[in-house]
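Please look over the sequence and the model below before reading on. The report is written for a reader who is new to protein structures.

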Amino acid sequence: MSSREKKNKNPAIRDTGIESDAPWSEEASSLIRSMISGQGIMIVDSEDRIEFCSDTLPSLLEVPKKVLRNRIPRRMLIEYRAKRGDFGSDAFERIEKVVACFAPGIQKTLESVTPNGCIICANATPLPNGGSIITFTDVSNVQHCAKEMADRKRELQVAKEENEALVDNLQAVIDNIEYGVVFMNQNMRSDLINRAFREMWGMDKAFTDSRPHMRDLMHYNRYSGIYDVPDDEFEAYVEM
């Protein structure tokens, strides 16, 4: 037995290309399992047979442990999950696609959904021996948050469009009033200016549509002679 084989007695770890100065005992395997308890881990060999699974994987994927026993083809796990709909409605078509997606030695990412609605993201990373290490992570919360944000964005867009329609309708109403009307917000910026006001002060529509501040409205006709205020006192007059 070579020195490397003596150091890595556990074939499930030895075949991954990972080296260590300590022998790979069952205690070491248990330690590895506890270290990766936050997600599911699977190691497959170059022939796509299961070599190692973390203790968390059966519950994460909601499958019986016998489906994940060592040395069985990973295809059996894929068929089991595909037939119950984890990869979509067309089970047999999906089986071949998933098998091809995670062929040994290929780096890929794939999402699936368990019967309880958990969204599982699987990421395969090639190993030196031609196999792969596959991590399985429950991304349900991330996906749900993303969906909620997307829903909220759509709601805000709908509200924005409704508000714009309301403003357009209000603008149409005040444009039919024969005296000048300006709607100012709390910051003294105009929200709406009607046609009569524009014509009264000789303002173009592009300017009034820019929602000018009250100061800008007064400066627009500063030199037209309509303000009986000396030039050096105009700024103070505007600020009154």
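## Basis of the report

This is a predicted model, in which local features need pLDDT of at least 70 and side-chain atom pairs count only at pLDDT 80 or more, while totals for chains, interfaces and linings use all residues. Residues are numbered from 1 along each chain as its sequence is written, and side-chain values use heavy atoms, with hydrogens and water left out.

## The whole chain

The chain has 240 residues, and 34% of them are buried. Buried means under 20% relative accessible area, exposed means over 50%, and partly exposed lies in between (1.4 Å probe, protein chains only). The secondary structure comes to 11 helices and seven strands. Helices (H or I, at least four residues) and strands (E, at least two) are DSSP runs, numbered from the N terminus.

Among contacts (heavy atoms within 4.5 Å) with a separation of 6 or more, 30% are between residues 24 or more positions apart.

Strand S1 covers residues 40–44, and five of its five residues are buried. Gly-40, Met-42 and Val-44 point one way from S1, while Ile-41 and Ile-43 point the other way.

S1 is joined to two strands described here. Strands pair if DSSP finds at least two bridges between them. Five bridges link S1 to S5 (residues 132–138), and the two strands run antiparallel; Thr-135 in S5 is the bridge partner of Ile-41. Three bridges link S1 to S2 (residues 50–53), again antiparallel, and here Met-42 has Cys-53 as its bridge partner. S1 and S2 form a hairpin with five residues between them, and Asp-48 in the turn has a positive phi of about 65°.

## Ile-133 in strand S5

Ile-133 lies in strand S5. Is this residue buried or partly exposed? Ile-133 counts as partly exposed because its relative accessibility is 26%. Ile-133 and Ile-41 are 92 residues apart in sequence, yet their C-alpha atoms are 7.2 Å apart in space. Not counting residues up to four places away in sequence, Ile-133 touches Ile-41, Met-42 and Ile-43, as well as Asn-123, Ala-124, Thr-125 and Leu-127.

## Nonpolar cores and cysteines

In soluble globular proteins, nonpolar side chains tend to be buried together. A nonpolar core is a set of buried Ala, Val, Leu, Ile, Met, Phe, Trp, Tyr and Cys residues joined through side-chain atoms within 4.5 Å. The largest one in this model has 17 residues, and those with the most contacts inside it are Met-42, Leu-57, Leu-61, Leu-68, Leu-77 and Phe-136. Two or more residues each come from S1, S2, helix H4 (57–61), strand S4 (119–126) and S5. Apart from this core lies another, of eight residues, among them Ala-82, Phe-87, Val-98 and Leu-110.

Leu-68 touches several residues beyond four places away in sequence, including Met-42, Ile-50, Cys-53 and Leu-77. Cys-53 counts as buried because its relative accessibility is 10%. Cys-121 counts as buried too, at 18%. The structure holds zero disulfides (pairs of cysteine sulfur atoms within 2.5 Å).

## Asn-194

Asn-194 sits in the loop between strand S7 (190–193) and helix H8 (195–201). Asn-194 is buried, because its relative accessible area is 0%. The side chain of Asn-194 reaches the backbone oxygen of Ile-174 at 3.0 Å. A polar atom of this side chain also lies 3.0 Å from the backbone nitrogen of Phe-197. Leaving aside neighbours within four places in sequence, Asn-194 is in contact with residues including Gln-171, Asp-175, Tyr-179 and Val-181.

## Two arginines with positive phi

Most residues other than glycine have a negative phi. Arg-71 is not a glycine, but has a positive phi of about 75°. Arg-71 is in the loop between H4 and helix H5 (74–83), and is partly exposed, with a relative accessible area of 41%.

Arg-211 also has a positive phi, near 55°. Arg-211 is found in the loop between helix H9 (205–209) and helix H10 (214–220). With a relative accessible area of 36%, Arg-211 is partly exposed.

How values were computed: Polar contact = N/O pair within 3.5 Å; in protein donor to acceptor, adjacent residues only side chain to side chain.
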